[in-house]
Amino acid sequence: MAELLIELFMEEIPARMQVRAADDFKRLVTDKLSAAGIAFTKAEAHSTPRRLALLVDGLPTAQADVREEKKGPRVGSPEQALAGFLKSAGLSSIDQAEQRDTGKGVFYFAVIEKKGGATIDALPGIIDAAIRELPWPKSMRWGANDFMWVRPLHSILALFDGAVIPGALTLATAEAAPEQSDGNVCLAGEVKAVTVAYGNRTQGHRFLSPGEFTVTGFADYQAKLLAAHVVLDREERKRLILAGAQKAAAAEGFILKDDPGLLEEVAGLVEWPVVLTGAIDNQFMDVPAEVLTTSMRTHQRYFALETADSKLAPRFVVVANRTTIDGGKAVIAGNERVLRARLSDAKFFWDQDLKVKLEDRVPGLKDITFHAKLGTLAQRVERIEALSVAIAKALNWDATVVEQAALAARLSKSDLTTGVVGEFPEVQGIMGRYVAYHEGLPAPVAEAIADHYKPLGPSDRVPTDKVSVAVALAEKIDTLVQFFGIEELPTGSRDPFGLRRAALGVIRLILENNLRVDLAAIFKAAGATDATVGELVFFFYGRLEVALREQGIRADVIRAVRENNGRVTDLTLLIDKVKALSSFLASPDGGNLLGTYRRGINLLFKEEGKEDRTVSGTPERRGEPAEIEFYDALGTANSTIPTLISNERFEEAMVALAALRGPVDQFANNVMVNAPEADVRENRLRLYAALRALFSEIADFSKIEG
């Protein structure tokens, strides 16, 4: 068995593209190997800022012989059919074909044997195709080349079983001008081929080990890269960065602020990570911590440090891409100088913004267009304020909450006119909270200004304070109602206004705060028409199914509950019912009772269909013992289950329902429903009709699958 090693060496790849590109290249190469019938045991992709590398191990050096049989026409078929068969099978004479009796006649068969070729012969085409098909989010041309690639491609290392794979990537055929940067002078209009040949050479770190070297295989390649100051494995670079940053933080007496996203990005910026610590000038420490960390993270890719009580420390960690003779002093000084310039702007904006009250900024929202069809941001704020009040009142919250929700909603977008948010959009809401506290506004109002955007995603925190919840719900519901109203709906691949995220945010706010609110009524309070309300309810059900499926709850159970007795728009009530029913169906009693119930109801439907009627009426207590036991059990259930359901004690209702299993089984197994006597048959059908009515108190069981 042999290994295949490929490295694409180029200028620096954007960090956000590296992992996806390496995985895509692995997928393309391995898919093409499989399509060519070439087996392998493992494949692993690697990426650094300047290279994509792929190891495919366990390949055969030669492909297996292939024996194919091709069935032809029946013996005695016309010459035209025989000629077509010979051509498709690559035979020169019909005598080269075998005749076989298939049991349905005697047919011609062509037996084609192909000797397996050397694996290395198939690799150039596979590599070339994979390189050309590699998808990049953004590509560029360089020089006179028409070849599109993320950055200029310098070399291709391609080894199979230690030998260079013969081949080259032709970048382009271009009209060469007399001025050629590579020194090869051509006449204008002359066609020149530009190629990158496959080889066994690569380069190490751009500055620390700039020379070329040859490799013989993956182990040699990885070892020589390490000696040339390149850590090939991305996870190892992340480990080194994290361990170094934690050690540097501890040496300063601080704690590294957890930031997996930044760690992932920085691992794509360095091939030889060197962790250094810098200082933040004390003059900037009165600026909100979120502003400082945003500036450091977004603009400089610095890691923030925190004190033991989770406050921002006056230090940062920067990861350099090389060692220096002065131990990093010049690098630290340079980064501190750049950071001072960044934070000087932030401090200036912060000091200026504090001079204007949030209330005084509200009129400025009239100059900001929210959407061409939906008016200005000021109009949006008016809608959110009115809806926040409506939600707080619908939830029966006290007058103080209603008043504070109105104020928080009115001020919620004011910080969008501040200089800080203009420079650092990531801190919108957060900036408003700081200014609100500076003005002495109530804490619930200040926190609601920051939290009204939340939750932004599935892992984001859900607000719990009543004022924050009211404004956050209003902000998201206004977004949904307004965009549904102008028919800007999400499609399968596009959701430019984040409506799915907004709906999931509303669902989480309601469920995680155990709120009892009628969504349809809130949509109407937000200005939705009846038609839009219907569309929104259907949309929310779809989002709810997605959220619950992730918790292992079946979609058919959700539909069975929500479509029973009209659509349920109280999500908390709906979920409580769904979870109780889901647990019931997963139990032995629940599963068996459902099966027996279906047998009886199917018989009931059949009889109703014969006579085109619906069986109704109160059954009588008479007949065989199993029939009487069924009647008594129904009576007990009917006296308890509806009351339990009306009191929202759904789990207890399921326990009472499970008690019917034995009597229903005995009735189904021992009593003939279609008795010859009409009155006996009718009474037994009424028992099943009563069972159906009881089950419908809980859910529409016809929607449950399986």
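Ala 653 has its place in helix α23 (residues 650–658); helices here are DSSP runs of H or I with at least four residues, strands are runs of E with at least two, and both are numbered from the N terminus. The model is a predicted one, in which local features need pLDDT of at least 70 and side-chain atom pairs count only at pLDDT 80 or more, while totals for chains, interfaces and linings use all residues. Residues are numbered from 1 along each chain as its sequence is written, and side-chain values use heavy atoms, with hydrogens and water left out.

Ala 653 counts as buried because its relative accessibility is 0%; buried means under 20% relative accessible area, exposed means over 50%, and partly exposed is in between (1.4 Å probe, protein chains only). Not counting residues up to four places away in sequence, Ala 653 touches Ile 641, Leu 644 and Ile 645, where a contact means heavy atoms within 4.5 Å. Leu 574 is 79 residues from Ala 653 along the chain, and their C-alpha atoms are separated by 15 Å.

Ala 399 lies in helix α11 (residues 399–411). With a relative accessible area of 61%, Ala 399 is exposed. From C-alpha to C-alpha, Ala 399 and Val 389 are 9.8 Å apart in space, at 10 residues apart in sequence.

**The chain as a whole**

The chain holds 25 helices and 18 strands. Its radius of gyration is 36 Å, whereas a compact globule of 706 residues would have one near 27 Å; the radius is taken over C-alpha atoms, and the globule rule is 2.2 Å times the number of residues to the power 0.38. The C-alpha trace spans about 105 × 100 × 50 Å along its principal axes. Of the 706 residues, 47% are buried. Among contacts with a separation of 6 or more, 70% are between residues 24 or more positions apart.

**Nonpolar cores**

In soluble globular proteins, nonpolar side chains tend to be buried together. A nonpolar core is taken here as a set of buried Ala, Val, Leu, Ile, Met, Phe, Trp, Tyr and Cys residues joined through side-chain atoms within 4.5 Å. The largest one has 136 residues, of which Ile 477, Leu 480, Phe 523 and Leu 581 touch the most other members. Helix α15 (residues 466–485) gives the most to this core, namely 12 residues. Another core, of 38 residues, lies apart from it and includes Leu 33, Leu 54, Trp 149 and Leu 169. Not counting residues up to four places away in sequence, Leu 480 touches Leu 499, Ala 502, Ala 503, Val 506, Leu 536, Phe 539 and Phe 540.

**Helix α13 and Arg 433**

Arg 433 lies in helix α13 (residues 430–439). Its relative accessibility is 17%, so Arg 433 counts as buried. The other buried residues of α13 include Met 431, Gly 432, Val 435 and Ala 436. The buried residues of this helix pack against α7 (289–300), α8 (329–353), α9 (358–361), α12 (419–423) and α14 (443–451).

The side chains of Arg 433 and Glu 290 are joined by a polar contact of 3.1 Å. A polar contact is a pair of N or O atoms within 3.5 Å; within protein, one must be able to donate a hydrogen and the other to accept it, and residues adjacent in sequence count only if both atoms are side-chain atoms. Beyond four places in sequence, Arg 433 touches Glu 290, Ala 446, Glu 447, Ile 449 and Ala 450. Gly 440 follows α13 and has a positive phi, near 85 degrees.

**Aromatic pairs**

Rings of Phe, Tyr and Trp (its six-membered ring) pair if their centres lie within 6.5 Å; planes under 30 degrees apart count as stacked, over 60 as edge-to-face and the rest as tilted. The count by this rule is 16 aromatic pairs. Two of them share Phe 695.

| Pair | Centre to centre | Angle between planes | Class |
|---|---|---|---|
| Tyr 597 and Phe 695 | 4.0 Å | 5 degrees | stacked |
| Phe 695 and Phe 701 | 4.7 Å | 65 degrees | edge-to-face |

Tyr 597 lies in helix α21 (residues 588–611) and Phe 695 in helix α25 (residues 678–696), so their pair ties together parts that are 98 residues apart in sequence. Tyr 597 counts as buried at 7% relative accessibility, and Phe 695 counts as buried at 0%. Phe 701 is buried as well. Trp 136, Phe 147 and Trp 149 form one aromatic cluster.
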